[in-house]
Amino acid sequence: MITVLLAIFIPFIAACLVPFIHKFLTGRRIGWFVMAVPLFLFILLLRLVPSLSDGSTYTYTFPWIPSADVHFSTYLDGLSMIFALLITGIGSLVVLYSIFYLSEREAIGRFYTYLLLFMGAMLGVVLSDNLIVLYVFWELTSISSFLLIAFWYHRKQSRYGAKKSMLITVTGGIFMLAGFLLLYSMTETFSLRELIGMREVIAADSLFVPAMLLVLIGAFTKSAQFPFHIWLPDAMEAPTPVSAYLHSATMVKAGIYLVARFTPVFAGHATWFYIVSCVGLLTMIWGSVNAVKQTDLKALLAFSTVSQLGMIMSLLGVGSLAFASSESTHVALFTAATFAALFHLINHSTFKGSLFMVVGILDHELGTRNIRRLGGLATIMPITFSIALIGSFSMAGLPPFNGFLSKELFFEAMLSLKEANLLTMDSLALLFPLVAWIGSVFTFIYCMIIVFQSFLGKTPEPFPGQRPAHEAPIQMLVAPLVLASLVLLIFFFPNTLGTYILGPAMLAVYPQFESLNGLVPEIHAWHGWKMPIFMTIGVVLLGVLLYRFLRYWKGIYQLGILQWTLDRLYNTFLLWMETTATKITKTYMTGSVRDYVAYIMLFFIAFLGIGLVGIPQFVFDFSKDAPIEINEGLIVFVMMCSSIAILFARSRITAIILNGVLGYSIAILFVVFRAPDLALTQIIVETVTTVLFLLCFYFLPEWRVERKSISMKWRNGLIAAASGIVVTVVALLVQGHSFYPSISVYYESASRLAGGLNVVNTILGDFRAFDTMLEVLVLFIAGLGVFSLVKLRRKKGADHPEKK
Amino acid sequence: METLITLLVGVLVAVGVYLLLSKEMLRMILGTAILSHAIHLLLLTMGGLKKGDVPLLQESAAEYTDALPQALILTAIVISFAVTAFLLVLSYRVYQESGRGLELRGQKDE
């Protein structure tokens with residue numbers, strides 16, 4: 001299906017075009033071009049919604065690396081659709097907002113290139129069917145997130161945050177890749193659809209649990225679940241549009257996507273339920289408790305995102321129980337949890353996106369995000385205040401906003417655990433709703449902090465910002481207004497969303513269901529005096545109470561256990577790694593060439609030596625040796641003597657003459673061994689080399705007799721002797737064996753093939769002419785090197801050493 | 001004959017490596033030159049020694065010496081010449097620039 005392919009590739013193509021178009025559309029006008037991309041894709045995707053709700057899906061495959069079973073296959077179903085719509089929809093709004101948020105002086109072209117890169121990668125993650133392709137896009141989102149967080153790279157904090165997010169998410173990604181490979185080893189396929197079809201095979205495999213854990217680590221790092229959440233608050237150093245887009249609406253939800261996607265594969269197992277729901281709930285309460293103590297509004301929102309992601313995660317965990325139970329009433333209860341997760345996913349994107357944009361406006365207009373320095377802005381910025389009110393109250397779970405609906409569904413799902421009576425311990429079924437409820441109370445508190453501490457109360461003196469504060473320009477308000485109205489719209493028409501968008505996604509999570517019947521619960525704002533509404537009332541009452549008396553109990557954050565942070569652990573670990581790595585490297589990178597030569601030789605000896613040990617028996621075959629004549633033996637003897645004598649040469653002239661003796665003796669050996677061409681070349685080259693050596697000596701100082709320590713001599717001597725022995729033994733072994741007939745016979749028809757009688761010449765000039773040509777090139781380069789080294793002018797001011 | 005030459009190759013390799021491990025640049029250059037001598041002989045030995053006539057095609061010969069190693073060695077001789085020449089000029093230049101003689105950094109006990 002071409003639409004899906006377009007959706008992935010258009011952002012990448014646009015990213016490549018941005019630098020060029022930026023030449024014509026200068027300044028912030030480039031933003032309009034960028035905004036057209038997600039808007040176009042959003043409309044394109046929206047057109048497919050009706051057919052998706054009929055249950056059809058779109059696939060497209062073309063082979064990429066067929067030998068490794070890697071195909072570029074795309075798959076669009078209901079689940080992918082939710083994410084694709086979020087990516088393109090929120091993407092359009094964020095780009096619109098960023099046009100007026102970023103100053104003209106910023107590197108706008110670079111910003112949009114990264115943003116489009118991210119958009120393409122993220123669409124690739126949710127639309128890929130092949131796991132390897134998914135992994136590639138997954139890491140690409142980490143990289144583009146790194147680039148966007150470090151957008152203001154001159155700030156130290158930005159660089160720190162970017163590195164942190166990169167390290168954590170990419171490490172998680174590698175774990176995930178390992179999980180994918182385990183899945184491949186079980187099923188021989190990388191295709192998601194085929195994996196889901198083979199879930200009985202996977203469930204029966206002994207690698208089931210390791211694969212599940214590895215995939216979950218990938219999902220948890222990306223979705224900032226406890227204890228991997230520490231990168232998200234630091235990622236807030238990115239420009240606010242990026243925080244709104246990547247770090248609340250889309251990228252951090254990739255982990256949610258992965259968990260939802262793999263629910264059919266892994267959900268039958270109780271471990272999956274326990275890990276996903278417990279980590280989710282723990283993240284939820286940890287995030288919300290930490291959010292309350294933040295003073296930076298963006299940090300507060302970051303912790304709130306962590307908390308909300310945990311909430312969605314826990315809902316998915318509860319939803320997975322539908323695979324374990326057989327009673328239809330229970331199944332309906334648990335599928336409702338997944339439904340609530342997907343519903344809240346959309347709601348969270350709307351209200352959190354608008355809240356981030358509000359914070360961006362405050363930062364933009366007043367130059368601060370610190371709630372201690374804000375206050376009394378409601379009268380100055382009434383529209384911004386309304387948006388903040390809608391967003392926060394929705395997040396707190398109050399009517400008439402969409403967050404209320406999903407919060408009710410959340411409570412219901414947590415309560416359903418008890419009714420289903422599936423948990424081994426009843427206390428756990430009580431604990432889950434309790435933790436969820438406490439987390440919600442803290443959520444309520446920080447939502448109130450956002451609204452009341454920055455918009456109501458006294459205006460602090462001196463007022464932040466250089467100029468008198470006023471309402472943001474209307475262009476900046478459009479995007480948050482659209483999101484805020486969505487918050488309201490979804491509250492009044494939740495079931496339209498349920499049928500058209502959430503329904504098809506439910507089918508993707510629960511493939512065992514044939515149709516939507518029983519999968520999509522009717523959402524009601526009011527469903528009688530039941531437990532969830534009492535819980536909401538309780539949240540409001542306790543929340544208001546705690547908020548009023550915040551300053552009296554805020555001191556508990558100073559207590560020891562809460563002061564201990566995972567951040568410190570991360571920093572210590574990183575520092576330890578760096579120092580240890582430096583220490584280890586310094587032990588062998590001595591900066592001395594001789595040591596490196598020694599390493600090379602030692603490796604050579606060890607490598608070949610170990611190879612020799614593996615040989616079952618040493619067979620030296622001397623029978624085919626040619627006879628030795630006296631004169632030949634004499635030459636060899638002379639060579640051995642002169643080569644050893646070089647080691648003891650006191651003056652360099654002796655060494656050069658001995659080297660010449662070696663060279664000319666080899667020329668004589670070449671004559672004996674019927675190699676006239678070699679003999680001639682050797683004589684010429686040896687002569688020129690000797691002359692060259694002597695010439696150089698004219699310029700160079702006499703060498704010193706080596707004064708080595710005994711241990712050094714022994715070390716070098718041993719390495720040298722061992723190399724010699726290894727070479728000799730290997731050569732002798734090779735001569736004793738002949739596995740293949742020689743190919744040289746072919747060249748003996750040289751006169752017919754190449755028209756020459758000298759076989760060596762025809763090989764060089766005809767058969768291997770290209771080699772010879774490149775050899776000439778090597779000579780030419782060496783000649784150039786020699787010439788330039790001799791002729792290159794010395795640096796000014798550097799005196800000739802002899803003049804000193 | 002092959003065994004004898006192989007032993008010679010072993011000795012040359014040992015000498016070459018020892019020189020390569022020394023501190024003085026000139027010794028290192030000599031080491032590379034001797035190593036390439038050794039490898040040329042090794043290549044030739046692999047093809048068999050004195051097994052036939054000179055590889056110049058003529059009617060009288062029945063069998064020829066293996067020509068392939070010879071072609072390889074011919075290339076290698078020229079390349080090793082180029083390398084030696086370059087290294088020599090490089091060491092000359094190093095001396096000119098640093099003026100500190102031709103010794104590499106060594107251990108403390110040397």
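# A guided reading of chains A and B

Guide: In this predicted model, A:Asp69 sits in the loop that lies between S1 and S2 of chain A.

Visitor: Why is A:Asp69 called partly exposed, rather than buried or exposed?

Guide: A residue counts as buried with 20 or more other C-beta atoms within 10 Å and as exposed with 12 or fewer. A:Asp69 has 16 such atoms within 10 Å, so A:Asp69 is partly exposed.

Visitor: How do you know that S1 and S2 of chain A are paired?

Guide: Pairing requires at least two bridges between the strands, and seven bridges join strand S1 (residues 58-65) to strand S2 (residues 70-76) of chain A, so the two count as paired, and they run antiparallel. Within this arrangement A:Thr61 stands opposite A:Ser73, while A:Tyr60 stands opposite A:Thr74.

Visitor: Where does A:Glu188 lie, and why is A:Glu188 called exposed?

Guide: A:Glu188 belongs to the loop between helix H7 (156-187) and helix H8 (192-197) of chain A, and its phi, near 65°, is likewise a positive value in a residue other than glycine. With 11 other C-beta atoms within 10 Å, A:Glu188 falls under the limit of 12 or fewer and is therefore exposed.

Visitor: Which peptide bond next to A:Pro227 is cis, and which one next to A:Pro400?

Guide: The bond from A:Phe226 to A:Pro227 is cis, with omega near 0°, and A:Pro227 is found in the loop between helix H10 (208-222) and helix H11 (231-234) of chain A. The bond from A:Pro399 to A:Pro400 is also cis, with omega near 0°, and A:Pro400 is found in the loop between helix H17 (382-396) and helix H18 (402-420) of chain A.

Visitor: Why is chain A said to be more spread out than a compact globule?

Guide: The secondary structure of chain A comes to 33 helices and two strands. For its 804 residues the globule rule gives 28 Å, whereas the radius of gyration of chain A is 37 Å, well over that value, so chain A is more spread out than a compact globule. Along the principal axes, the C-alpha atoms of chain A fill a box of roughly 115 × 70 × 55 Å.

Visitor: What is in contact with A:Leu116, its neighbours within four places in sequence left aside?

Guide: A:Leu116 is then in contact with A:Pro11, A:Ala14, A:Ala15, A:Val18, A:Val34 and A:Val37.

Visitor: How many residues of chain A are in contact with chain B, and which helix gives the most to that side of chain A?

Guide: There are 86 residues of chain A in contact with 73 residues of chain B. H30(A) gives the most to the side of chain A that touches chain B, with 15 residues.

Visitor: Why is H2(B) described as largely enclosed?

Guide: Of the 22 residues of H2(B), 17 are buried, so this helix is largely enclosed by the rest of the structure. Helix H2 (residues 25-46) of chain B reaches 32 Å from its first C-alpha to its last, close to the 32 Å expected at 1.5 Å a residue. Just after H2(B), B:Gly48 takes a positive phi of about 90°.

Note on methods: Residues numbered from 1 in each chain as written. Chains lettered and ligands numbered in written order. Predicted model: local features only at pLDDT ≥ 70, side-chain atom pairs only at ≥ 80, totals over all residues. Helix = DSSP H or I, 4+ residues; strand = E, 2+ residues; numbered from the N terminus. Expected span 1.5 Å × (residues − 1). Rg over C-alpha atoms; globule rule 2.2 N^0.38 Å. Contact = placed C-beta atoms within 7 Å.
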